[in-house]
Amino acid sequence: MRCRTWRSGNVVLLGDAAHTAHFSIGSGTRLAMGDAVALAEAVRTAPSLDEALARYEGERFAVVERTQAAAAESLGWFARYHRYAGLAPPAFAYSLLSRSGRVQYDGLRRRDPALLASLERWYAEDAGAPPAVVAPPPVLTPCGWAGRPCPTASS
Ligand SMILES: Cc1cc2nc3c(=O)[nH]c(=O)nc-3n(C[C@H](O)[C@H](O)[C@H](O)COP(=O)(O)OP(=O)(O)OC[C@H]3O[C@@H](n4cnc5c(N)ncnc54)[C@H](O)[C@@H]3O)c2cc1C
C-alpha cells in the first residue's frame, strides 16, 4: 500500500497505516519502528509541528520506497519460482538469498563468508575445476575447464 502523503494538519500516519511492502521480505516491523524513531526525533528537534511532520515524511519516504522496490523484486522471484525450482541446491540458495536485490554477491560474502566460499567451490567444481584449487569468483571461472564442454546458448 502506498499513500501520496502521510500527514494532514496535526494527524500523521506511520507503520502499516502509511505503507506496506510484500511480506516475502518481512520488513513491516522494522519500517514501523524506523518511522516511530524518525517521528520522535523530528518532533524533538524541529521548531514547529508542521516542520517536524514534513521532516519525518521527507526522511522516511525514500526508505519506504526502496523497501517497496525490493519487496516487488522478491514478489517477482516467487512469481517466477518455476524458473529456479530446478536449479542445483547451491545455485537455488544463492538465487533465493539475493532475490530482492538488497543482498548480492559482496553483501553475502560479508554476511556469511563460509557460505559464499562454498558456493564458489561448488561453482568451480561444477565447471570442472579440480577440488583442491582455491575457487575463483564465478565470473572468473574459465569456461571449459578441464576439457569440459562450454555451455551453449540453449543449454
Ligand atoms: C501474519 C503476519 C506475519 C508477519 N510477519 C512479519 C515478519 O516476520 N517480519 C516483519 O517485519 N513484519 C511482519 N509482519 C508485519 C508486521 O506485523 C507489521 O508490519 C507491523 O506490526 C506494523 O506495525 P504497526 O505499529 O504499524 O501496526 P500494528 O502492529 O498493526 O499496530 C496497530 C495497533 O493499532 C491498534 N488499533 C487499530 N485500530 C485502532 C483504533 N481505532 N483505536 C485504537 N487502537 C487501534 C491495533 O489493535 C494494533 O495494536 C507480519 C504481519 C502479519 C499479519
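## Around the ligand

The ligand sits among Gly15, Asp16, Gly26, Ser27, Gly28, Thr29 and Ala32, each with a heavy atom within 4 Å of it. This is a predicted model, so local features need pLDDT of at least 70 and side-chain atom pairs count only at pLDDT 80 or more, while totals for chains, interfaces and linings use all residues. Residue numbers start from 1 along each chain as its sequence is written, and side-chain values use heavy atoms, leaving out hydrogens and water.

By type, that shell splits into one nonpolar, five polar and one charged residue; Asp, Glu, Lys and Arg count as charged, Ala, Val, Leu, Ile, Met, Phe, Trp, Tyr, Cys and Pro as nonpolar, and the others, Gly among them, as polar.

## Polar contacts

Now for the polar contacts (N or O pairs within 3.5 Å). The side chain of Asp16 puts an N or O atom 2.8 Å from a ligand oxygen. On its own the ligand exposes 990 Å², and the protein buries 22% of that (Shrake-Rupley, 1.4 Å probe).

## Helix pairs

Helix H1 (residues 28-45) and helix H2 (residues 49-79) have axes that come within 8 Å and cross at roughly 155 degrees. H1 and H2 are therefore roughly antiparallel (angles over 145 degrees), and their crossing is right-handed.

Note on methods. Polar contact = N/O pair within 3.5 Å; in protein donor to acceptor, adjacent residues only side chain to side chain. Axes fitted to C-alpha atoms, helices over the stretch in contact; angles between N-to-C directions. Helix = DSSP H or I, 4+ residues; strand = E, 2+ residues; numbered from the N terminus. Parallel < 35°, antiparallel > 145°, perpendicular 65-115°, else oblique. Left-handed = near helix turned anticlockwise from the far one by under 90°.
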